[in-house]
Amino acid sequence: DFWTVQTRKMSLTVSLLLVALCANGGYGEEGKEAQRTGHVSVVIVGGTGDLARKYLWQGFFQLYVDQVSGGNTFSFYGGGLSPSEKATPILFEILKAVTCSKDVSQERCAILKDQFLRLSQYRQLKALEDYQELAKHIEQQLQQEGMTEAGRLFYLSVPAFTYAGIAEKINSSCRPADGSWLKVVLEKPFGHNYRSAQVLATELLGALKDEEMYRIDHYLGKQVDRAHHVPVPLDISGRIAFYDEYGVIRDVLQNHLTEVMALLTMKLPANVSNSGEVLRNKLEVLSSMLPLGKNQAVIGQYQNYKTEVQQDKNLFKPALTGGEWKEVTEHKDVSVLGLQISDYYVQTPTTEREAYAELVSHIFAGQKNNFVSTENLLASWEVWTPLLSGLKGSFPRIYPGGADNGDMLDIHLRGKELRYSSEVVIISPDKMGGTSGNSFQVMQGKFRNAEMVSAWTEELVERLAADMQEAAEAAVQESGVFHLALSGGSTPIALFHRLVLHHFSFPWRDTHVWMVDERCVPLTEMESNFHSMHEHLLHHVKIPYYNIHPMPVQLNQRLCVEEDGGAQLYEKEINKLVNGSSFHFVLLGVGYDGHTASLFPGGKLNEPGESLVALTESPIKPHQRMSLTFGAINRAHTVALLVMGKGKHELVTQLSRVQDNLEKYPVTGVKPANGRLVWYMDYDALLG
């Protein structure tokens, strides 16, 4: 609940500023215009949308109930892009669902609802001519009924990119006559950074005066937020796509919580009913704040947030208040200003009001305490934009929740810098919605204390091929040769195609191609890794045949017989041709069971050793394999681990949590001693 508090043990009265701002009975100088009686035209642009359906029409019906006997008359218009014959039935289904507060009798409520419906209509508001027709209709109504106009209220429940165009139409065709007021309500977001907010503000100020604009922050109408906690709306599943794209910093921190913070920390105004003084004091707080940088925040994302939001409505429903106050005698176990709440005299409102009903009444009254001015908006963005820019290309830490988190969310604070204490998988926030396509850039981050590159499959393969060519050109320039070791299986085939079709300048003549592992089958058979590599890559590029080094799995007309010494032969060839036995670039994949190369869980050769090549056993056919060992892999200059496909998501999740465990997850043994490890993961593997 939202409290006013007075000490019982001392005569000193403690007044909370937020209570004064909310419970103040007068509206101050800026509210005088709303006290003029006359006809009020209310236009909700986007009048059949989700916000209007859930909150706005109920809020304006409550306004009508409160004002119907106050000398004002009303007309209500739901505007939208759809033709009238299509949208009118939808609008009236919404209007029929409005309800009265408990203090209104059923008989009176029925009468008020009937009047409200008769005063409401839908109008298509698409082109300038539509706004001109609306203005003409309002003026004819005023003349026919001999009414004096008090003002016009436009509520823009539409995407922010349409604000400027609609504001211009209102300015050019729908302004009321002199002496009547105009109020235009704008819902956040107000831009996505300082520059975009500045551009939008400039466009809007070209059509509207600052005092005519009400940038709404509905959290400031939630009296419950201001003293206890921040609940979320009961039904938020429809906002997942918006939230994934816009993010928590823009959606909550930059506006809602920054506004609450400014209210809590600003200097107490001499007159709390003076909106101008309140806004100036909030601006003073915001202007004194240093901008936030990348190193002053950590970001995370609950792993199952989408499914649980869709399944659980056990979320807080905003409990909103207004009117008179009553004493609370059952005290909660909390403290206020360092004292137990039982030390205070606590009051709570007798009647609760929904946030939008509260803010609609403030708009009508011309009370701007709970709205955001242009100056305050830009000052807030100046604080948050550097952080948003710094986090571009960063990834939130994915955490499972509860005890499974372990130490994943532990943070370390040093001076003004904040970071996680440990490194695990991180995923880009704008990929959490599951959208696919080519519009997303390649992102970089960390996975298991190593570099990570992530993108959709096509862009990921493109990036890996480019990185491989860059490494090849650097090696050839430095030493005249590039030693490349490639894994088998299906994972690298897309990479092979990319190299063949797009990398015509790749220095193949100076490249030696080695095998990371091979199945113990004849090289001409389809199951052979070399056969696949030859068909998809080597057959299509101009590489000298003596630069190709297949593994000798077939000797003396036998396959992988230890006495034939095939592994030793391959190791000897590596030692002879590869400087320091250090490949320039090793490409690995990861199996569903955590194996890499042909090093499988439970294998006896998984521990680091001196040998570079060994015979191993696979749990699936063909069981016999030849593979580079960790001794060879971890000598490389660069090791790339390519992980793609939804089937790898569970493995990625497990790997993000576990410590090194070569027995269970052999891939955790990949740790180049003097080189670099880079994980290349597509979003299917990361997100599932």
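Two strands are taken to pair if DSSP finds at least two bridges between them. Helices (H or I, at least four residues) and strands (E, at least two) are DSSP runs, numbered from the N terminus. The model is predicted: local features need pLDDT of at least 70, side-chain atom pairs count only at pLDDT 80 or more, and totals for chains, interfaces and linings use all residues. Residues are numbered from 1 along each chain as its sequence is written, and side-chain values use heavy atoms, with hydrogens and water left out.

The secondary structure of the chain comes to 19 helices and 29 strands. Of the 688 residues in the chain, 52% are buried (under 20% relative accessible area, with exposed over 50% and partly exposed in between; 1.4 Å probe, protein chains only). Contact means heavy atoms within 4.5 Å. Among contacts with a separation of 6 or more, 76% come from residues 24 or more positions apart.

Seven strands form an open sheet with mixed pairing, in the order 4-3-2-5-6-7-13. Strand 4 (120-124) and strand 13 (371-372) stand at the edges. Each has a single partner strand, so one side of each is left without a neighbour in the sheet. Helix 5 (residues 128-145) packs on the sheet. Helix 5 touches strand 2 (39-45), strand 3 (73-80), strand 4 and strand 5. The direction of helix 5 makes about 150° with that of strand 5. Such axes are lines fitted to C-alpha atoms, for helices over the stretch in contact, and angles run from 0 to 180 degrees between N-to-C directions.

Strand 2 is largely enclosed by the rest of the structure, because seven of its seven residues are buried. H39, S41, V43 and V45 point one way from strand 2, while V40, V42 and I44 point the other way. Strand 2 pairs with strand 3 in the parallel sense over seven bridges. In this pairing S41 stands opposite S75 in strand 3. Between the two strands the chain passes through helix 2 (residues 50-67), and this β-α-β crossover is right-handed. That term applies if, with the strands pointing away from the viewer, the path from the first strand over the helix to the second runs clockwise. Strand 2 also runs parallel to strand 5, joined by seven bridges. Here H39 stands opposite E149 in strand 5. Strand 5 (residues 149-156) in turn runs parallel to strand 6 (residues 181-187), with six bridges. L153 stands opposite K183 in strand 6.

Helix 11 (residues 355-365) is also largely enclosed, because eleven of its eleven residues are buried. Among them are Y356, E358, H362 and F364. Just after helix 11, G366 takes a positive phi of about 75°.

Helix 13 (residues 457-479) has 23 residues. Its span from first C-alpha to last is 33 Å, close to the 33 Å expected at 1.5 Å a residue (1.5 Å times one less than the number of residues). Its buried residues include L460, L464, M468, A472 and V476. The cover over the buried residues of helix 13 includes strand 18 (450-455), helix 14 (493-502) and strand 29 (676-682). Just after helix 13, G480 takes a positive phi of about 85°.

A nonpolar core is a set of buried Ala, Val, Leu, Ile, Met, Phe, Trp, Tyr and Cys residues joined through side-chain atoms within 4.5 Å. The largest has 81 residues, of which L537, L628 and W679 touch the most other members. Helix 13 gives the most to this core, with eight residues. Not counting residues up to four places away in sequence, L537 touches L486, F496, L499, V500 and W508.
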